[in-house]
Amino acid sequence: MELPDFMKYSGKFSANDFVEKISRIAKRAGAKLVYAALLLYYTLQSDKVSTADKAIIIGALGYLISPLDVIPDAIPIAGLTDDLAVVIYVLKKVWDSVDETIQQKAKAKLSKWFDEDEIKDIDNLFSL
């Protein structure tokens, strides 16, 4: 699957829209997508992250919350696969900036929306 030019979605990102969309789609999206998105969101807030990395994170999160996708989110099962691919791709690029504090913060938030069995999905974070 070819990734879209997700930088064109950077103007769609806002913290409020991100939190609203993630909380709305959490169960349908699954723990892996939500955890990866939270990792990017919290990494974006770090002062240790370069401006270039922040730009691609904003693009990926903008793509995630945008209603315009390569595969529309309304399509069952397949609808969020493009979002997951974009988020995982960007997360791999910035992984060196994701420290233990960010991971713990994301896991703490994740545990509010998912039970322990569902959270096991994050163990294989980089496999689609």
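This is a predicted model: local features need pLDDT of at least 70, side-chain atom pairs count only at pLDDT 80 or more; totals for chains, interfaces and linings use all residues.

**Entry 1: Leu-39.** I started in helix H2, residues 31-44, where Leu-39 sits. Is Leu-39 buried or exposed? Its relative accessible area is 0%, so I logged Leu-39 as buried, the cut-off being under 20%. I then listed its contacts, leaving aside neighbours within four places in sequence. They are Leu-91, Trp-95, Val-98, Ile-102, Gln-103, Ala-106 and Leu-125. I also checked Val-87, 48 residues away along the chain: its C-alpha atom lies 9.6 Å from that of Leu-39.

**Entry 2: H2 against H3.** Next I took H2 with helix H3, residues 51-65. The axes are 10 Å apart, at an angle of about 140°. H2 is therefore oblique to H3, as roughly antiparallel would need over 145 degrees. The crossing is left-handed. H2 contributes Leu-33, Ala-37, Leu-40, Tyr-41, Thr-43 and Leu-44 to the contact. H3 contributes Lys-54, Ile-57, Ile-58, Ala-60, Leu-61 and Leu-64. I sorted these residues into 10 nonpolar, 1 polar and 1 charged.

**Entry 3: salt bridges.** How many salt bridges does the whole structure hold? My search found 2. One joins Asp-99 to Lys-48, with the closest N and O atoms 3.9 Å apart. This pair links distant parts of the chain, 51 residues apart. Asp-99 is in the loop between H4 and H5, and Lys-48 in the loop between H2 and H3. Asp-99 is partly exposed at 27% relative accessibility, whereas Lys-48 is exposed at 66%. Lys-120 and Asp-117 form a salt bridge at 3.6 Å, N to O. Asp-117 is exposed, with a relative accessible area of 57%.

Technical notes. Residues are numbered from 1 along each chain as its sequence is written. Side-chain values use heavy atoms; hydrogens and water are left out. Helices (H or I, at least four residues) and strands (E, at least two) are DSSP runs, numbered from the N terminus. Buried means under 20% relative accessible area, exposed over 50%, partly exposed in between (1.4 Å probe, protein chains only). Contact means heavy atoms within 4.5 Å. Axes are lines fitted to C-alpha atoms, for helices over the stretch in contact, and angles run from 0 to 180 degrees between N-to-C directions. Angles under 35 degrees count as roughly parallel, over 145 as roughly antiparallel, 65 to 115 as roughly perpendicular and the rest as oblique. A crossing is left-handed if the near helix is turned anticlockwise from the far one by less than a right angle, and right-handed if clockwise. Ala, Val, Leu, Ile, Met, Phe, Trp, Tyr, Cys and Pro count as nonpolar, Asp, Glu, Lys and Arg as charged, and the others, Gly among them, as polar. A salt bridge is a side-chain nitrogen of Lys or Arg within 4 Å of a carboxyl oxygen of Asp or Glu.
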